[in-house]
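Please look through the sequence and the three-dimensional picture below before reading on.

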Amino acid sequence: MELPLVVGVDGSEPSMRAVDWAADEAALRGVPLRLVYASLWERYEGAALAEGIDRPSEQVLADNIVEAAARRAHRRDVDLKISTEVLPEEPVPALLGEGRNASALVVGARGRSGIAELLLGSVSLAVAARADCPVIVLRGSHDSQADAGMRRPIVLGVGEDAHSTEAVRFAFQEAEEQRVALEAVRAWRCPSHESAEHPLLAGDTAHHHEQRAVETLEAALRDVVADHPSVELRQRVVEGTTREALLDASADAGLLVVGARRRQGHFGLQLGRVAHAVLHRSACPVAVVPQRV
């Protein structure tokens, strides 16, 4: 049985754009779409308030939200298999629970907080930092970059761990399903103390670090590339910080893929500095793929 693609909805425009993106993605993957709204309306309205009323107002709102999301998704693809559920839980634990039986979670950059969309919402951040499955956060939803049909390349950020294959496999699979190119990016820097202590060898030192970046990139892709011969692969090493290299690449990307280590028994937010930065500032949607260590 194919695991569904789960979308967290709350009636906000960012979450509805997430529904659009996820509907297109589910159709490409050939998997069901599951729309989830989480709310503790029972706690706030209570049994006393509900007496004499067929359904509490928040429950009506929740049902209307998921029904509107389902109609919107069906407009993207009439054949899409869609299920909906209203969960009496806080959004973060509800979505984390859904993620245990999902192919991926999709959330908007912000919810109904009214704060500028440029910033990342606390729910989106917490889910991306703790979920057991890949989480796609719909950055870039202010323009057409959050449209899954734009056929922009997938960008993969490759870090120090050349054996973190989960993010690599996810990126290749996305590029194959969307029929777009995959651009794998590895950043490198020459430590300032090396060039300062050896000014005559500065060029050789820089070349050494650049070559190491090339080797790390090739090692990260080696075990996966043969499984996806149809994917156009572009490999690029960039001098500078990983954060800035990926943010620059996001300007022309349809999706930016980064890995995030998940340590057994650790219950806090588990996001590296790079993943945290791109979630807040990327110009396109970001996929955070967990890597167990």
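Helices (H or I, at least four residues) and strands (E, at least two) are DSSP runs, numbered from the N terminus. By that rule the protein has 10 helices and 10 strands. This is a predicted model, in which local features need pLDDT of at least 70 and side-chain atom pairs count only at pLDDT 80 or more, while totals for chains, interfaces and linings use all residues. Residues are numbered from 1 along each chain as its sequence is written, and side-chain values use heavy atoms, with hydrogens and water left out.

Let us begin with the sheet. The 10 strands form an open sheet with mixed pairing, in the order β3-β2-β1-β4-β5-β10-β9-β6-β7-β8, where two strands pair if DSSP finds at least two bridges between them. Because β3 and β8 (233-239) stand at the edges with a single partner strand each, one side of each is left without a neighbour in the sheet. Within the sheet, β6 (residues 154-157) and β7 (residues 182-188) run parallel and are joined by 4 bridges, and L156 has A184 in β7 as its bridge partner.

Helix α9 lies across β6, β7, β8 and β9, running at about 150° to β7; here axes are lines fitted to C-alpha atoms, for helices over the stretch in contact, and angles run from 0 to 180 degrees between N-to-C directions.

What lies in the interior? Of the 293 residues, 49% count as buried, meaning under 20% relative accessible area with a 1.4 Å probe and protein chains only. The largest nonpolar core has 46 residues, and those with the most contacts inside it are V7, L33, V106, I136, L156 and V257; such a core is a set of buried Ala, Val, Leu, Ile, Met, Phe, Trp, Tyr and Cys residues joined through side-chain atoms within 4.5 Å. Helix α1 (residues 13-29) gives the most to this core, with 7 residues.

Leaving aside neighbours within four places in sequence, L33 is in contact with residues including V7, A22 and I82. I82 itself is found in strand β3 (residues 82-87), and its C-alpha is 6.9 Å from that of A70, although I82 and A70 are 12 residues apart in sequence.

Note on methods: Buried < 20%, exposed > 50% of the residue type's maximum accessible area, 1.4 Å probe, protein only. Contact = heavy atoms within 4.5 Å.
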